[in-house]
Amino acid sequence: MITTAIRKTVSRTFKPSALKPRNQAQLPDFAIKSSIPIRHLAIGFKGKEIDLSFYMNNQFATLFFATLSVFLTYGEDLVIETARHHREFIKDPVLKQRVTSLIGQEAIHSKLHNEFNDAITELQYPVRLYRFLGEQFFKHVFLRFPQPLKLSMMAGIEHFTAVLAEYMMKHEQNFYHSDDAKTRALWMWHMLEESEHKDIAYDVYQLLNGNYKLRAGGFLLAYITILVLVPFAAFMVPVLRKPQEMLTGKFWKDMRRGINLLFSPTEGVFGSTQGQIFDYLRPDFHPNDHDTTEYLDYYKNKLLTEGGALHSFFIKEFTPKVQQAA
Ligand SMILES: [Fe+2]
Ligand SMILES: [Fe+2]
């Protein structure tokens with residue numbers, strides 16, 4: 001198994017010495033980075049209100065994102081656990097504070113996605129089965145990895161969510177083909193925050209480890225999980241959910257269009273972004289090489305202000321304090 005091979009190599013090669021700072025020259029000046037708030041939302045999902053053709057009037061693509069929603073919560077738990085562990089080794093007070101914001105944002109993502117996942121159980125989505133598989137896989141495989149590999153995987157996962165967020169921010173209209181304001185709020189809020197905190201995990205990795213081969217290994221594991229295992233699980237949803245639908249021409253037409261929406265090399269969410277995904281393997285890559293500040297400013301103003309997609313669900317925000325080192 002690939003994961004076992006990588007894990008063994010990592011244990012041999014990256015013992016605790018992995019926590020020595022490296023690549024200092026490539027590290028950004030954290031003092032000039034803006035602070036990131038942790039936003040609390042209350043959406044209140046109800047199964048009957050969720051539109052199963054939410055994404056571009058397409059059921060297959062929507063079920064793909066529902067599958068991502070289930071497995072993302074485990075990825076977020078891994079990010080939270082790994083970030084908590086490594087925060088102790090960070091001396092820079094600004095980066096430390098940014099890691100606290102990352103942990104806070106991911107904790108609320110996981111909570112709200114779990115509420116969404118609970119609600120789609122009512123729509124015969126196989127949440128219980130996929131939660132069981134996700135839990136077993138993360139508990140027995142990913143969470144057993146040595147910390148340096150978990151750190152590398154955390155940076156890899158965050159790269160994927162950053163690329164997805166950028167695509168979605170550039171295709172805002174894709175969220176407006178449905179009246180389902182709650183699903184829209186969930187994904188737009190999540191994408192906004194993924195883009196907002198996209199450099200934190202990477203900066204922590206570069207600061208505490210920085211080994212290129214290990215970074216590539218974490219990327220590979222994230223790639224296989226998000227673009228092989230999750231799509232496989234998504235393809236199984238119709239079989240587990242309503243196999244009788246598969247006997248209709250409408251189902252296959254919807255599926256063909258859904259595959260295009262996701263994987264077409266010209267316009268698909270993941271197909272058209274492969275170049276940006278693999279840019280991560282450039283030795284001098286940094287997440288901020290892909291500048292999304294204008295989109296972020298636009299989204300924050302548009303979504304959180306009155307009439308915006310998040311406004312009616314927003315409760316409060318909290319920005320952790322920068323604690324100066326003693
Ligand atoms: Fe997240
Ligand atoms: Fe994230």
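**Exercise 1. Confidence of the model**

State the mean pLDDT of the protein chain and the share of its residues that reach 70 or more.

Solution. The mean pLDDT of the protein chain, where pLDDT is the predictor's confidence in each residue from 0 to 100, is 91, and 91% of the residues reach 70 or more. Over residues 12-19 the pLDDT stays under 50, and for that stretch the model has eight contacts beyond four places in sequence, two residues being in contact if their C-beta atoms, placed from the backbone, lie within 7 Å. The model is predicted, with local features needing pLDDT of at least 70 and side-chain atom pairs counting only at pLDDT 80 or more, while totals for chains, interfaces and linings use all residues. Residues are numbered from 1 along each chain as its sequence is written, and chains are lettered from A and ligands numbered from 1 in the order in which they are written.

**Exercise 2. Helices H5 and H8**

Describe how helix H5 and helix H8 cross, and classify the residues of their contact.

Solution. Begin with the elements: helices (H or I, at least four residues) and strands (E, at least two) are DSSP runs numbered from the N terminus, and here H5 covers residues 147-170 while H8 covers residues 212-241. Next take the geometry, for which axes are lines fitted to C-alpha atoms, for helices over the stretch in contact, and angles run from 0 to 180 degrees between N-to-C directions. The two axes come within 7 Å and cross at roughly 55 degrees, and H5 and H8 are therefore oblique to each other, given that angles under 35 degrees count as roughly parallel, over 145 as roughly antiparallel, 65 to 115 as roughly perpendicular and the rest as oblique. H5 passes H8 in a right-handed crossing; a crossing is left-handed if the near helix is turned anticlockwise from the far one by less than a right angle, and right-handed if clockwise. Finally, the residues of H5 that meet H8 include Pro-148, Ser-152, Gly-156 and Phe-160, and those on the H8 side include Leu-214, Arg-215, Gly-218 and Ile-226. By class, this contact of H5 with H8 has eleven nonpolar, five polar and one charged residues, where Ala, Val, Leu, Ile, Met, Phe, Trp, Tyr, Cys and Pro count as nonpolar, Asp, Glu, Lys and Arg as charged, and the others, Gly among them, as polar.

**Exercise 3. Helix H2 and its two partners**

Solution. H2 passes H3 in a left-handed crossing, and the residues of the contact of H2 with H3 divide into twelve nonpolar, seven polar and six charged. The crossing of H2 and H8 is right-handed. Leu-63, Phe-64, Thr-67, Leu-68 and Phe-71 in H2 meet Val-230, Ala-233, Ala-234 and Val-237 in H8, and by class this contact of H2 with H8 has eight nonpolar, one polar and no charged residues.

**Exercise 4. Positive phi values**

Locate Asn-57 and Gln-124, and give the phi of each.

Solution. Most residues other than glycine have a negative phi. Asn-57, in the loop between strand E1 (38-41) and helix H2 (59-87), has a positive phi of about 55 degrees, and Asn-57 is partly exposed, with 14 other C-beta atoms within 10 Å. Gln-124, in the loop between helix H3 (93-120) and H4, has a positive phi near 65 degrees, and with 13 C-beta neighbours inside 10 Å Gln-124 counts as partly exposed.

Note on methods. A residue is buried if 20 or more other C-beta atoms lie within 10 Å of its own, exposed if 12 or fewer, and partly exposed in between; C-beta atoms are placed from the backbone.
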